[in-house]
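Please look over the structure below. A short report on some of its parts follows.

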Amino acid sequence: MQIRDVFTIEQFRDKSFEPNKLSTAHFNKILVIEKGKGELELASVPHTVSKGTVYLIGKEKPVLFGANRISGYLLQFDESFWQKTPLSANNCKEVLFNRSIDSFTLYPDKQHFDHLLELLQLTLCDFELPDYSNKPDVLAAYLKVIIIKMANIHFLLRADTPSYDSKLFERFVSLINEKGNSIHKVDDYADALGVTTRKLSDVCKSKGKNAKKMILQHLVNEAKKDLQFTSRSIKEIAGQLHFANPYQFSNFFKNQTGYSPNQYRYQFVKIGI
């Protein structure tokens, strides 16, 4: 039996996956998304794929994949190969793969995610070498370390979720106050905070907020303040808030408030403010 019959790892760059590409039976799968976006369906449950996400998919679990130009790693192994790993890693695998649900998703912070990428790259380099006598043992050792690493991430996230989420939300609010005039997209804030867009959105939702609406509200508040208390022109305000042009800013403001910038300013001029 060849190693590839029981263990594989591949790195993909800007790849488009066809539906059912990942549906290989009898393999446990570790899918790591380094960049790109797409849709992933696991046991009829849709997932929005985003960078910095790790999917742990148990054997014989149905997977549909429709994603364009994504990059990352796909590691697959069956139970016979897992038996080569030391027993000390068994509990970690049980936690991550032998679950009643069909998949498990991790959203590591940047430091842990980068470390995981390094481990996968080392494993890939050894996998691509010509076969040698103890190559399966070496790959099994790498697999053990990867599984333990992910289990540690899982336990850390679970143990620290309330405080971590609160701190992340506070950092997001602070970053909006600091950079809100120039950063308008949730994706860009997630990048700056070192988390996935989905993680940031979920944390905001748990606080009863919507990440996108928080960003838009900051822009509206800043625009209202300038319109009400300064004599800056619409062009100047648009530039200060990093809109492409005054027309784009005016459309944004009217969509958010129901008033054009000039209409809003005139209200306060008219009542003597």
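The axes of helix 5 (186-193) and helix 6 (residues 197-206) come within 8 Å and cross at roughly 100°. Helix 5 is therefore roughly perpendicular to helix 6 (angles of 65 to 115 degrees). Axes are lines fitted to C-alpha atoms, for helices over the stretch in contact, with angles running from 0 to 180 degrees between N-to-C directions. Helices are DSSP runs of H or I, at least four residues, numbered from the N terminus.

This is a predicted model: local features need pLDDT of at least 70, side-chain atom pairs count only at pLDDT 80 or more, and totals for chains, interfaces and linings use all residues. Residues are numbered from 1 along each chain as its sequence is written, and side-chain values use heavy atoms, without hydrogens and water.

The table lists the residues in contact (heavy atoms within 4.5 Å).

| Helix 5 | Val186, Asp187, Tyr189, Ala190, Leu193 |
| Helix 6 | Thr197, Leu200, Ser201 |

These residues divide into five nonpolar, two polar and one charged. Ala, Val, Leu, Ile, Met, Phe, Trp, Tyr, Cys and Pro count as nonpolar, Asp, Glu, Lys and Arg as charged, and the others, Gly among them, as polar.

## A residue in helix 4

Isoleucine 147 sits in helix 4 (residues 135-179). Is isoleucine 147 buried or exposed? Its relative accessibility is 0%, so isoleucine 147 counts as buried (under 20% relative accessible area, 1.4 Å probe, protein chains only). Isoleucine 147 and isoleucine 30 lie 117 residues apart in sequence, and their C-alpha atoms are 9.4 Å apart in space.

Methods
Helices (H or I, at least four residues) and strands (E, at least two) are DSSP runs, numbered from the N terminus. Buried means under 20% relative accessible area, exposed over 50%, partly exposed in between (1.4 Å probe, protein chains only). Angles under 35 degrees count as roughly parallel, over 145 as roughly antiparallel, 65 to 115 as roughly perpendicular and the rest as oblique.
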